Amino acid sequence: MTIKRAEWNGAVLAESDDIVTVEGNAYFPAASLRAEHFSPSDTRTVCGWKGTASYHSVTVGGRTNPDAAWFYPEPKDAAKEIRGRVAFWKGVTVRDV
């Protein structure tokens, strides 16, 4: 099985071989996140079929990438496979290792 790694600003944010891909986004298990880089955000967005997304900002080396990680705390049934998982954007690189 392929291991994927999420990186930003020279740091590994998450790494796992248990990835769920939805709409081209790799959702990592929440337990795979390196917690020291994440802080909760007040940002929320709504997807018609997945539900309401919450966000984390990512901080590495004194730089913060606001709302760079998102997750669905209570996804709708159609997206239940991403419960407990986190995806990335805003310059976070996800690659196979």
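Visitor: How many helices and how many strands does the protein have?
Guide: In this predicted model, the protein has 0 helices and 9 strands. From the N terminus on, the elements therefore read β-β-β-β-β-β-β-β-β.

Visitor: What makes β4 and β8 a pair?
Guide: Two strands pair if there are at least two bridges between them. Strand β4 (residues 25–29) and strand β8 (residues 85–88) have 2 bridges, so they count as a pair, in the antiparallel sense. Within this pairing, phenylalanine 28 stands opposite valine 86 in β8.

Visitor: In what order do the strands of the open sheet lie?
Guide: The 6 strands follow the order β3-β4-β8-β7-β6-β5, with antiparallel pairing.

Visitor: Why are β3 and β5 called edge strands?
Guide: Strands β3 (20–22) and β5 (38–47) each pair on one side only. As for the angle, neighbouring strands of this sheet are turned by 35° against each other on average, direction ignored.

Visitor: What holds the strands of a sheet together in general?
Guide: Strands of a sheet pair through backbone hydrogen bonds, either parallel or antiparallel.

Visitor: Which share of the residues is buried?
Guide: A residue is called buried when its relative accessible area is under 20%. Buried residues make up 46% of the 97 residues in the protein.

Methods
Residues are numbered from 1 along each chain as its sequence is written. This is a predicted model: local features need pLDDT of at least 70, side-chain atom pairs count only at pLDDT 80 or more; totals for chains, interfaces and linings use all residues. Side-chain values use heavy atoms; hydrogens and water are left out. Helices (H or I, at least four residues) and strands (E, at least two) are DSSP runs, numbered from the N terminus. Axes are lines fitted to C-alpha atoms, for helices over the stretch in contact, and angles run from 0 to 180 degrees between N-to-C directions. Buried means under 20% relative accessible area, exposed over 50%, partly exposed in between (1.4 Å probe, protein chains only).
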